[in-house]
Amino acid sequence: ELGMIDTAPRRAPVSLDSLREEAMGCRRCPLWQPATRTVFGEGPPDAEIMIVGEQPGDQEDLAGRPFVGPAGQLFDRAIAEAGIDRARVYVTNSVKHFKFEPRGKRRIHARPNAGEIDACKWWVDQERRMIRPQLLIAMGATALRSLTGRPIPVGQARGTAVPLPDGGSAWVTVHPSYLLRLPPDADKDAEFARFVSDLRQARVSSF
Ligand code: URA
Ligand code: SF4
C-alpha cells in the first residue's frame, strides 16, 4: 500500500529552475516511489508554445527528459511537419513520474488515475504560470483532464480550443501513443496526417 495523496497548498517558486529543482523531491502522490526520477518539463522559459502530454514512459524515466522514447520520436516528426521547432517549445507532462506495472524485467505503462493527475496538476499550473505560452496544446485525455480539471472525451474536443477554468484555453489533439497503438488495419498515414493537421491548425490560429 503506497502513501496518501497530499493536496496541501505550497508557496509558488519564483523561477522555472527553482520549480524544476523543487519538483525533483515531490512526494505529493505515491508515484514518486517506484519511479527512477521526476521527469520535469523541458524548453526555453520564454517559449511561445507549451505542449502537455501524459506521463514519462520507460525511456523518459531513465533519461530524465520528456518525449525521448518511441512516442517522442513520433511527436518530433509530427511537430516538425506542422512547422513547429521543438527547440522553441516547452514540452511537459501532466504527471511527472512514470507509472508502471512490473512484468518480469519489463515495466509496462499504467494509466495515471484522476487523483494522481489532479495531484500533479499543481506542477503543470506552475509551469503555465512561468511560461505564459501564447499557445497551449493538450495531447490526449490525461492532459485534457489535467488542464480543465474535468474528464472530457478527446474525440469531442479534438481540433478545438477548450476554455480553461482560469480563463486561458488549450488546443486539443490526440496523444502520439494513440498513433502507436492503432490496430494493424488502420490507416496510419491518414491518422498521422490528421495529428499534424491538428498541430498546424493550433499554430496558425494562435499567431
Ligand atoms: N508519453 C508522454 O506523454 N510523455 C512522454 O514524455 C513520453 C511518452
Ligand atoms: Fe509529485 Fe507528480 Fe510525481 Fe506525484 S507524479 S509525486 S504529484 S511529481
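Predicted model: local features only at pLDDT ≥ 70, side-chain atom pairs only at ≥ 80, totals over all residues.

Biologist: Is strand β1 largely enclosed or open, and how many of its residues are buried?

Modeller: Look at both faces of the strand. Ile 49, Ile 51 and Gly 53 point one way, while Met 50 and Val 52 point the other way, and all are buried. Because residues 49-53 are buried throughout, β1 is largely enclosed by the rest of the structure, and the count is five of five.

Biologist: Which strands are joined to β1 by bridges, and which residue in β2 is the partner of Gly 53?

Modeller: β5, residues 135-139, runs parallel to β1 and is joined to it by four bridges, with Met 50 opposite Leu 136. β2, residues 89-93, is also parallel to β1, with five bridges between them. Within β2, Gly 53 has as its bridge partner Asn 93.

Biologist: Nice, now the ligand: where does ligand 1 sit, and what share of its accessible area does the protein cover?

Modeller: Ligand 1 sits in the largest pocket. The residues around it include Gly 53 and Asn 93. A nitrogen atom of ligand 1 lies 3.0 Å from a backbone N or O atom of Gln 55, and an oxygen atom of the ligand is 2.8 Å from a polar backbone atom of Phe 67. Of the 240 Å² of accessible area that ligand 1 has on its own, the protein covers 94%.

Biologist: And which side chain has an N or O atom 2.6 Å from an oxygen atom of ligand 1?

Modeller: Among the residues around ligand 1 are Glu 60, Pro 66 and His 175. The side chain with an N or O atom at 2.6 Å from a ligand oxygen belongs to His 175.

Technical notes. Residues numbered from 1 in each chain as written. Chains lettered and ligands numbered in written order. Heavy atoms only, no water. Buried < 20%, exposed > 50% of the residue type's maximum accessible area, 1.4 Å probe, protein only. Helix = DSSP H or I, 4+ residues; strand = E, 2+ residues; numbered from the N terminus. Pairing = 2+ DSSP bridges. Near = heavy atom within 4 Å. Polar contact = N/O pair within 3.5 Å; in protein donor to acceptor, adjacent residues only side chain to side chain. Areas by Shrake-Rupley, 256 points an atom, 1.4 Å probe, with all protein chains shown as cover. 1 Å grid on protein atoms, 1.4 Å probe; cavity = no way out; pocket = protein on both sides within 12 Å on 5 of 7 lines; lining within 4 Å. Sits in = over half its atoms within 2 Å of the grid points.
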